[in-house]
Amino acid sequence: MRVLLVEDEVAIAEPLADALAREGFDVTWVATAAGALAAAEHDLVLLDLRLPDRDGYEVCRELRGRSSVPIIVISARGEEVDRVVGLELGADDYLVKPFGFRELLARINAVTRRTGVREPDATALRAGPLTVDVEARRVTLAGQDIELTAKEFDLLAALAARPGAVVSRQRLLDDVWDARHNLATKTIDVHVAALRRKLGDPGWIQTVRGVGFRLRGT
């Protein structure tokens, strides 16, 4: 599912986008009303109301006027009148900050059930011809099975959760290994090298020097 996140606070937007991506959502983040209105059609919009260039209520009204896309307002404005106005302007739900991530997922699931939007298949991560089936712990490339060790699979799944995005070495250590063990980052390099060999093309996993790695998106 393609989610448009409209939020100008970096401290909120970045971790929220990362968390949604780990759940299988394809997230586009914009920080302005202009960015939201210029964005391509998405399956769901998460809309903050306090934007630097225009009021979020106006964005909600314009989006609803041209599309039936589900809109969930996420705002620090928690008064009853704020919620009523948001819903009357076309929002499908209204969530007051601060909120728990699991509650947001529940709201997304409820809205998508009501509107008929397909929920993301969190067990299947795809990047072009590469498919990582998390539930079955199976990897296929152009329909051919790729045999991986447990850690190789976990590493590939962590990268495939956000194809094309850079994942830091520390995030990979946290997600794939127990960071409390203070493993050397060389451990990641060894597993990345093995994955590149098994995928048959070193370009599948790209190194971003001083930061981490990214999986080719197509």
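I started with the second largest pocket, which has a volume of about 410 Å³. For my own record, a pocket is an open set of points on a 1 Å grid over the protein atoms alone, with protein on both sides within 12 Å along at least five of seven lines, and lining residues have an atom within 4 Å of a point. The volume is the space filled by probe spheres set on the points, which are joined across faces, edges and corners.

This is a predicted model, in which local features need pLDDT of at least 70 and side-chain atom pairs count only at pLDDT 80 or more, while totals for chains, interfaces and linings use all residues. Residues are numbered from 1 along each chain as its sequence is written, and side-chain values use heavy atoms, with hydrogens and water left out.

**Confidence.** I looked up pLDDT, the predictor's confidence in each residue from 0 to 100. The chain averages 87, and 92% of its residues reach 70 or more. Helices (H or I, at least four residues) and strands (E, at least two) are DSSP runs, numbered from the N terminus.

**Back to the pocket.** I found 18 lining residues, with R22, A157, A158, A161 and D175 nearest the centre. Helix α6 gives the largest share, 3 residues; α1, α6 (150-160), β10 (167-168) and α7 each supply at least two. The lining divides into 8 nonpolar, 2 polar and 8 charged residues; here Ala, Val, Leu, Ile, Met, Phe, Trp, Tyr, Cys and Pro count as nonpolar, Asp, Glu, Lys and Arg as charged, and the others, Gly among them, as polar.

**Helix α1.** I read residues 10-22 as a helix of 13 residues reaching 18 Å from first C-alpha to last, close to the 18 Å expected, which is 1.5 Å times one less than the number of residues. Its buried residues (under 20% relative accessible area, 1.4 Å probe, protein chains only) include L16, D18 and L20. Just after α1, G24 takes a positive phi of about 100°.

**E7.** I placed E7 in the loop between β1 (2-6) and α1. E7 counts as buried because its relative accessibility is 0%. Beyond four places in sequence, its contacts (heavy atoms within 4.5 Å) include A13, W29, D48 and K97.

**I74.** I found I74 in strand β4 (residues 71-75), and its relative accessible area of 0% makes I74 buried. Not counting residues up to four places away in sequence, I74 touches L16, D48 and K97, among others.

Technical notes:
Buried < 20%, exposed > 50% of the residue type's maximum accessible area, 1.4 Å probe, protein only. 1 Å grid on protein atoms, 1.4 Å probe; cavity = no way out; pocket = protein on both sides within 12 Å on 5 of 7 lines; lining within 4 Å.
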